[in-house]
Amino acid sequence: MGQRRRIKLARTSNPTVEGAGVRLRRAFGNSDARDLDPFLLLDDFRSRNPSDFLAGFPWHPHRGIETITYMLEGTVEHQDSIGNRGVLGAGDLQWMTAGGGILHQEMPGNRPALEGFQLWANLPASDKMMDPRYQDIASEDVPVVVHDGIAVRVMAGSAFGEEGPVRDVVIDPEYLDVAVPPGSEFRHETKRGHTVGAYVFDGAGDFTGTDGGLEEFGDTTLLVFDDGDEIRVRTGKAPVRFILFSGRPLNEPIAWAGPIVMNTRAELQQAFDDLDKGSFVRPGSQPD
Ligand code: CO
């Protein structure tokens, strides 16, 4: 298959507080933008304690990025400034392209548990001000392909010949939820030059790409890979489950202020001016 990717970075996510006081774990963020380009942030909001998450994420703006929410358990009700409203449940995926500007809120339901991830992908300069767009994919519309006991939910990109439902995203992304049983090996082709990362959320597996004894990485570990043509994950006595994401790097300057990510400080200032003037959400982006 070609060159196997090796691990460039391995570390566990860090507890942090977001939104109106949601306790979650951040796998990567602002200081890691160079290693993760085109991805900006990954939050792991799994909790079985409602006091961790019920405060939610009240009204806030986004510009210049895409936010990708993948739910494992519980619900999140979202609502935005251009009239979209819906509830995300277990297995659902929302690929939101904020483009030129959206104001939204994301409020967890009053359930015993909330589990899922929010990934942020950057937009290139040419698309930062595009009209906002949603790809809301219901759980039953995400294909699950099983091969030698390995189960892959294909949200974007492809695995074992099955293609995911997310379309027309500028970074040419892959987003998979992979479950590998004990004593198995998962091999997956990756595009040369694309950034590839994994985040483990159950069990443990060897992501080193080497042939020696098993070196296992467990729950809450972020792995970022060197360039190459494939990744390989081996398991021993335990299964492993992880999300795998990849995308084409943008190699552009990043000017980042909270939920707004642009190329220059002047563009950030413009965003804040637009928020002050009430012109952040452009009339052209309202639905008919
Ligand atoms: Co948001």
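## The nonpolar cores

In this predicted model, the largest nonpolar core holds 29 residues, and Phe28, Leu42, Leu93, Phe117, Tyr175 and Phe245 have the most contacts inside it. A nonpolar core here is a set of buried Ala, Val, Leu, Ile, Met, Phe, Trp, Tyr and Cys residues joined through side-chain atoms within 4.5 Å. Buried means under 20% relative accessible area, with exposed over 50% and partly exposed in between (1.4 Å probe, protein chains only). Apart from that core lies another, of 21 residues, with Ala198, Val200, Phe217 and Ile231 among them.

## The cobalt site

Four residues hold the cobalt ion: His60 (NE2), His62 (NE2), His104 (NE2) and Glu106 (OE) coordinate the ion at 2.1 to 2.6 Å. Donors are N, O and S atoms within 2.8 Å of the metal (3.2 Å for Na, K and Ca); water is not among the atoms, so sites may look incomplete. Along the chain, the spacing of these donors reads H-x1-H-x41-H-x1-E. Histidine 60 sits in strand β5 (residues 57-62) and histidine 104 in strand β10 (residues 102-108), so the pair ties together parts 44 residues apart in sequence. Strands (E, at least two residues) are DSSP runs, numbered from the N terminus.

Histidine 60 counts as buried at 17% relative accessibility, and so does histidine 104 at 1%.

## Threonine 69

Threonine 69 belongs to strand β6 (residues 65-73) and is buried, with a relative accessible area of 4%. Counting heavy atoms within 4.5 Å as contact, and leaving aside neighbours within four places in sequence, threonine 69 touches residues including Leu93, Glu106 and Phe117.

## Behind the numbers

Residues are numbered from 1 along each chain as its sequence is written, and side-chain values use heavy atoms, without hydrogens and water. Local features need pLDDT of at least 70 and side-chain atom pairs count only at pLDDT 80 or more, while totals for chains, interfaces and linings use all residues.

Methods: Helices (H or I, at least four residues) and strands (E, at least two) are DSSP runs, numbered from the N terminus.
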